[in-house]
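Subject: Structure handover

Hello,

Here is the structure for you to look at. My notes follow below it.

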Amino acid sequence: MRVMLRAHLDTAATNEGIKTGALPQAIKKLMGKVKPEAAYFGLHEGVRSCWIVFDLQDSSQMPPLMEDLFLQFNAELEVGPVMNAEDLAKGLAAMESSS
């Protein structure tokens, strides 16, 4: 299932992570694990944030993917299913055919 991970990262923790090199290492490690379809980094509500779209094969993948963000950067995380335009068209077509 295609999901989007949204992470708000604690400012003090990420400041330290930038100084020590832990933040770029953690992001590189996460990107290697999830092989994202898309990844964006910026500010949301005044804090460093990222939005990563990737295929989550099984919910049991969540702890090993996300614990570093919790533990190292006091992250607030949300994960939810998302669709691209092709997925949406397929879903809408299925609704029309069942009517």
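A term to start: two strands pair if DSSP finds at least two bridges between them. Helices (H or I, at least four residues) and strands (E, at least two) are DSSP runs, numbered from the N terminus.

This is a predicted model: local features need pLDDT of at least 70, side-chain atom pairs count only at pLDDT 80 or more, and totals for chains, interfaces and linings use all residues. Residues are numbered from 1 along each chain as its sequence is written, and side-chain values use heavy atoms, with hydrogens and water left out.

The sheet. It is open, with 4 strands in the order S2-S3-S1-S4 and antiparallel pairing. S2 (38-44) and S4 are the edge strands, each pairing on one side only.

Strand S1 (residues 2-8) is largely enclosed by the rest of the structure, because 5 of its 7 residues are buried (under 20% relative accessible area, 1.4 Å probe, protein chains only). S1 runs antiparallel to S3 (residues 47-55), joined by 7 bridges. There, Arg2 stands opposite Asp55. S1 also pairs with S4 (residues 76-81), antiparallel, over 6 bridges. Ala7 has Leu77 as its bridge partner in S4. S2 and S3 are antiparallel too, over 7 bridges. Gly42 faces Ser49 of S3.

The helices. H1 (residues 11-20) and H2 (residues 22-34) pack at about 95°, axes 5 Å apart. Axes are lines fitted to C-alpha atoms, for helices over the stretch in contact, and angles run from 0 to 180 degrees between N-to-C directions. Contact means heavy atoms within 4.5 Å. H2 lies across S1, S2 and S3, at about 20° to S3.

Best wishes

Key: Buried < 20%, exposed > 50% of the residue type's maximum accessible area, 1.4 Å probe, protein only.
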